[in-house]
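I opened the notebook to record a few look-ups on one model.

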Amino acid sequence: MTGVLALAFGYLLGSIPWGLVLTRAAGLGDIRQIGSGNIGATNVLRTGNKPLAAATLLLDLLKGVAALLLAAALWGETAGLLAGFGAMLGHAFPVWLGFKGGKGVATGGGVLLAAAWWLGLGAALVWLATAFATRISSAGAIAACAAAPVIAAVAGRWDLALFAAGIAALVIWRHRPNIERLLAGTEPRIGRRA
Ligand code: G3P
């Protein structure tokens with residue numbers, strides 16, 4: 001029962017679509033009609049508003065951190081992980097947006113950071129290195145997702161490796177359109193319109 005509660009709690013926190021809320025509040029219209037149509041920070045950056053993109057990144061990340069840490073404090077470590085995964089589901093499939101949400105990169109980063117700081121940091125470094133080399137946000141996200149379970153396994157944390165693999169599977173699955181564009185060589189560079 002506690003597990004279901006933790007999952008639902010995480011889902012509700014994760015379902016707050018910060019990219020949409022912030023761009024609407026700033027009078028930029030509906031972010032789902034811009035660029036890739038995604039509600040994440042990468043797409044908010046395509047509006048040209050860097051502070052808003054940074055705020056989206058931070059708030060999407062923090063909802064992942066908050067879901068895991070609050071649930072862990074209330075109901076224990078396993079509930080924390082369940083709430084973290086719930087936050088991912090909430091971000092990707094928010095009830096408020098007809099279950100059409102984001103790709104879960106920032107929220108996943110927050111969840112991994114809260115699960116183990118070194119895991120979140122490792123994944124973030126892989127994202128940064130790949131995005132710096134390719135200038136493509138989705139390439140960074142996919143590389144970071146692939147690396148996260150490996151980092152946890154190398155550290156001997158098989159529980160976290162499994163958890164990170166679950167998060168990675170969801171995030172990579174949500175990147176299907178990006179993968180098609182990457183293969184076709186049409187994925188836009190960071191900051192460019194899709
Ligand atoms: O954070 C999502 C990113 O990996 C891709 O975003 O807008 O290019 O689909 P976007």
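The entries below follow the order in which I looked things up, and the model is a predicted one.

**Entry 1, ligand shell.** I began with the residues around the ligand. I found 13 of them, and the closest are Ser36, Arg46, Lys103, His175 and Asn178. I then sorted the shell by class: eight residues are polar, three are charged and two are nonpolar.

For Lys103 the distance from a side-chain N or O atom to an oxygen atom of the ligand is 2.5 Å. For His175 the corresponding distance is 2.7 Å. For Asn178 I read 2.9 Å, again between a side-chain N or O atom and a ligand oxygen. I next looked up how far the ligand is covered: taken alone it exposes 310 Å², and the protein buries 95% of that. I also asked which elements give two or more residues to the shell. They are α3 (41-45), α8 (137-154) and α10. The largest share, three residues, comes from α8.

I turned to the second largest pocket and noted a volume of about 270 Å³. Its lining has 13 residues, and those closest to the pocket centre are Gly37, Asn38, Gly101, Lys103 and Arg174. Two or more lining residues come from each of α9 (158-174) and α10 (176-184). Helix α10 gives the largest share of this lining, with three residues. By class I counted six charged, four polar and three nonpolar residues in the lining.

How many aromatic pairs does the count give? I got one. The ring centres of Phe9 and Trp75 are 5.8 Å apart and the planes stand at 85°, so I logged the pair as edge-to-face; the cut-off for that label is over 60 degrees. Phe9 belongs to helix α1 (residues 2-14) and Trp75 to helix α4 (residues 50-75), so the pair ties together parts that are 66 residues apart in sequence.

Last, I looked for positive phi in residues other than glycine. Phe99 has a phi of about 65°, and I placed this residue in the loop between α5 (77-92) and α6 (105-115). Arg135 also has a positive phi, near 65°. The loop that holds Arg135 runs between α7 (117-134) and α8. Helix α8 had already come up in the ligand entry, where it gives three residues to the shell.

Technical notes: Residues numbered from 1 in each chain as written. Predicted model: local features only at pLDDT ≥ 70, side-chain atom pairs only at ≥ 80, totals over all residues. Heavy atoms only, no water. 1 Å grid on protein atoms, 1.4 Å probe; cavity = no way out; pocket = protein on both sides within 12 Å on 5 of 7 lines; lining within 4 Å. Points joined across faces, edges and corners; volume = space filled by probe spheres on them. Helix = DSSP H or I, 4+ residues; strand = E, 2+ residues; numbered from the N terminus. Nonpolar A, V, L, I, M, F, W, Y, C, P; charged D, E, K, R; others polar. Near = heavy atom within 4 Å. Polar contact = N/O pair within 3.5 Å; in protein donor to acceptor, adjacent residues only side chain to side chain. Areas by Shrake-Rupley, 256 points an atom, 1.4 Å probe, with all protein chains shown as cover. Phe/Tyr/Trp six-rings, centres within 6.5 Å; stacked < 30°, edge-to-face > 60°.
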